[in-house]
Amino acid sequence: MFGNGLSYSEQGAEAAPELVQEAAPTTTPSAPAAFGLFSSDTKKNEDLKQMLESSKDSAKLDAMKRIVGMIAKGKNASELFPAVVKNVASKNIEIKKLVYVYLMRYAEEQQDLALLSISTFQRALKDPNQLIRASALRVLSSIRVPIIVPIMMLAIKEASSDLSPYVRKNAAHAIQKLYSLDPEQKEMLIEVIEKLLKDRSTLVAGSVVMAFEEVCPDRIDLIHKNYRKLCNLLVDVEEWGQVVIIHMLTRYARTQFVSPWKNDEVVEEYSENNFYESDEEQKEKDRKVKNTYTMDPDHRLLLRNTKPLLQSRNAAVVMAVAQLYWHSAPKSEAGIVSKSLVRLLRSNREVQYIVLQNIATMSIQRKGMFEPYMKSFYVRSTDPTMIKTLKLEILTNLANEANISTLLREFQTYVKSQDKQFAAATIQAIGRCATNITEVTDTCLNGLVCLLSNRDEIVVAESVVVIKKLLQTQPAHHGEIIKHMAKLLDNITVPVARASILWLIGEYCERVPKIAPDVLRKTAKTFTNEDDLVKLQILNLGTKLYLTNSKQTKLLTQYVLNLGKYDQSYDIRDRTRFIRQLIVPNEKSGALSKYAKKIFLAQKPAPLLESPFKDRDHFQLGTLSHTLNSRATGYLELSDWPEVAPDPSVRNVDVAESAKEWTGILGKTKKEKPAEKFYSESEEEEDESASTGSSESESGSESEKEDKEEGSSDDSSGSSSSEASSDSESESKESAAKKTSRAAAENDSENIKRKAKGISKESSTSGSSDTESISSEESSSDSKSESDSKSDFESGKSRSPASSKKEEKPVQDRKVPNKQDVYLLDLDDFCPVTTPVAVPTAAVLSPSVTADLEGLSLSSSSVIDVTTQVSVPTKTHELLHRMSGKGLAAHYHFSRQPGIFGDRMVSVQVTVTNTTDQKIENIHIKEKKLPPGMRMHEFNPIEYLEPAGSITVSMGIDFCDSTQMASFQL
């Protein structure tokens, strides 16, 4: 941990890597000591002590490097403690760092000596170097002496408000140490945890949540205000912090949201990529499915922000996300974790073992998740036994009518394995397949009977046990198999197998009336040499035959009972006495002897062959308790979903404080860089509020209430500044014709808007909105760089009045109470805008209006100067050459904008050009040749295209995640 920390130091950041490298060569012992048979390390440590007492810093530094090297190699350096502690007040920062590394390791063992230098540690807590402050706090919390609890408490409180996030992180680590030393400090520590939970640094987040889990895991109320922030910071937290936070948020989700499993078929509304959905489509769905369950936006936020972590290189993070989806995502979405879990099977065997255990539990309840990856669970010859048996378990869980023939062929190979334990497990797996899938029961039975002639005893014994269980399910058909097994009794020596055969013959003795008495005769001879398990079954067999066929077997049974009476095992003596009283009538025997037949020959229920992982799912996946299948100390139960969701407003954060912070920060930056006075005063203020919006949304860790304010301020600033820009634009253009065309466009815009609403909510028709695009958290997380989103926000300032009106409209359409509830960072309330290109279709725009709008495009240099638009270059591809299209040419490009035709549709802009000197009429898509699964949303037919004219239309294609081409005829 200290090694990581060194990277935050301003001075001597390179110390950590050198430290061990340099230590390695110098630790070689002196030659004479190396060859001395009984030589000790005393001489070697003597010279280190002298170096530490030297007046030169270089010698001390060298000694410390060697000592830390010794610790790194696992050697004991505790006897140097007094010599090292003397240097704790050294002026040299490098020496000081290494002394603290040493003290962290040995402060707990040598507490008395460490206490002597406690004043030095207290002074070091005020050191200007963050590393020294953090190290001093770590050493202080490592001295586990109750006397210094108040000093530690004070140090933790101070460190929790330190400017350096690294020191605050160490304060969070110290909280857990102090709590384990003195649990009575809990209330004061909770205050510190509450304060640190508000921290915006990703460095602190993981550590403070760990402290929260240790000290007060039941105080869910501390998480409410920080929930959204934690969700948004999650991607940037270090890996082990991610694991802790995800586990905590899983528990949080189970207490704060309603179950998404009640109406699972409905939840497909939120399919994986359903990010950009227009209001019209949403309303239609609401009409179709009048259903109570809609996912809480915060629940959705958690699932959306953890999904990218499935690609993490750390197996624990992937496992944590998998258990989160398993325990709290809709069942239709939980399937996305299967691919990531299968990827982890390429890791080392320890990781494989844990992952396979979790997959085994999952595959019992939801087979469909892992069926596509069945081949990944085939056993390799190099796998250790524990991995083999787990893979076998999963294959058995995945077995169904479709794949059973493949699996049985696979199992045939496994039975021949040299690993006997695995071969036995395979036979049990065949038995389970036979009971679960009735079509193959007979095939499996015949296969198992064939295995009875195997040379290997263990295979034969296991087969007998499994056949016994299978025969119990349908004994009437299988008299022959019982006879065959009775013949085998002479050769089989494994006690469990012998006992199973004897039990079968006893249970179904009426079906084999000739064979059963003979088997009893043979076993009575060898009774004294048998295993206890077999002796008990011989007694049972004798009893059952005595009750059904006493003429032939009366004397034999009495002989066996007499042998049992004097057996060495008290179990067998007790059983003998009990049976004798029950079946041999005499004057002492009570009323029970009348019911002996009913007791011994009652119908036994067939055993259920179940997976050993069947009842593990009540433990949280990925926990130690789940692995051990018993409750481990410190395990926190997952609560059941609440019937009614608690009030979601508790997660809203008060804006007041954060707004102050931000205005303060922005005020500073404004002073440093004075802007050019292009606008009037009021416009400048509005511009400032817009930039506030953009910078806040970029930070990505803001709460939703802040987002609401930003949303509204950003909207207003957008519309007003765009009016200004269009005014300045009109002034800069001298020609009257341009002005009239602009006026015409404004008059027409209301008309156009009404018509365009039919196509989609998002067609941008006004002039200056040509290059407008709204950045949202989703688009930036989905592979958009920050610079992208910045430019989007800047361009958002130059909006036309028409477009801003139109954007307000969908917001009002929502079920949101007022205009303030525009969540900029919220998926469900995301209001997408189309491509920069207008979408003129014959039905909507007449050619004259189109020409007017084209005249209003952002070609004016003054507008570009104001907005500083950063355009993303688009690569255009040829769709139809003018030669093959008889004068009609078509080009296309991917607009990289939210799809307006559906959540899975990719938006494609097609530019059609008429290169002939005649008018071309009725341009439309005629014949589509699409691969299976692919869908296309056609553009509206273009009525006519003037000579040398061109028009751009939008269409949507769902490529269904394939790389195949979509072919169609124009």
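Are tyrosine 227 and phenylalanine 257 buried or exposed? Both residues are buried, where buried means under 20% relative accessible area, exposed over 50% and partly exposed in between (1.4 Å probe, protein chains only). The legends below start from this pair.

This is a predicted model, in which local features need pLDDT of at least 70 and side-chain atom pairs count only at pLDDT 80 or more, while totals for chains, interfaces and linings use all residues. Residues are numbered from 1 along each chain as its sequence is written, and side-chain values use heavy atoms, with hydrogens and water left out.

**View 1. An edge-to-face ring pair, tyrosine 227 with phenylalanine 257.** The structure holds 13 aromatic pairs. Rings of Phe, Tyr and Trp (its six-membered ring) pair if their centres lie within 6.5 Å; planes under 30 degrees apart count as stacked, over 60 as edge-to-face and the rest as tilted. In this pair the centres are 6.0 Å apart, with 65° between the planes. Tyrosine 227 belongs to helix H16 (residues 227-233), whereas phenylalanine 257 lies in the loop between helix H17 (239-256) and helix H18 (279-288), so that distant parts of the chain, 30 residues apart, are linked. Helices (H or I, at least four residues) and strands (E, at least two) are DSSP runs, numbered from the N terminus.

**View 2. Charged ends over aromatic rings, at tryptophan 503 and tyrosine 944.** A charge sits over a ring if NZ of Lys or CZ of Arg is within 6 Å of the ring centre and within 35 degrees of the ring normal. Lysine 468 lies over the face of tryptophan 503, at 5.1 Å from the ring centre. For lysine 919, the charged end sits over the ring of tyrosine 944, 4.6 Å from its centre.

**View 3. The largest nonpolar core and tyrosine 100.** A nonpolar core is a set of buried Ala, Val, Leu, Ile, Met, Phe, Trp, Tyr and Cys residues joined through side-chain atoms within 4.5 Å. The largest one has 200 residues, and Ile67, Tyr100, Tyr102, Leu103, Leu341, Phe377 and Ile583 touch the most other members. Helix H20 (residues 315-328) gives the largest share of this core, 10 residues. Setting aside residues up to four places away in sequence, tyrosine 100 touches Val88, Thr120, Phe121, Ala124, Ile132, Ser135, Ala136 and Val139, where contact means heavy atoms within 4.5 Å. Tyr102 also joins Phe81 and Tyr106 in a cluster linked by ring pairs.

**View 4. The open sheet E1-E2-E3-E8-E6.** Five strands make up this sheet, and their pairing is antiparallel; two strands pair if DSSP finds at least two bridges between them. Strand E1 (877-880) and E6 are the edge strands, each pairing on one side only. From one strand to the next, the twist averages 30°, with axes being lines fitted to C-alpha atoms, for helices over the stretch in contact, and angles running from 0 to 180 degrees between N-to-C directions.

**View 5. Strand E8 and its partners.** Eight of the nine residues of strand E8 (residues 950-958) are buried, so the strand is largely enclosed by the rest of the structure. Strand E3 (residues 906-914) pairs with E8 over eight bridges, and valine 910 has valine 953 of E8 as its bridge partner. A second, separate core of 19 residues includes Leu888, Val912, Met936 and Phe968.

**View 6. Positive phi at lysine 886 and asparagine 922.** Lysine 886 is not a glycine, yet its phi is positive, about 50°. The residue is found in the loop between E1 and strand E2 (888-894), and lysine 886 counts as exposed because its relative accessibility is 75%. Asparagine 922 also has a positive phi, near 50°, but lies in strand E4 (residues 920-923). With a relative accessible area of 47%, asparagine 922 is partly exposed.
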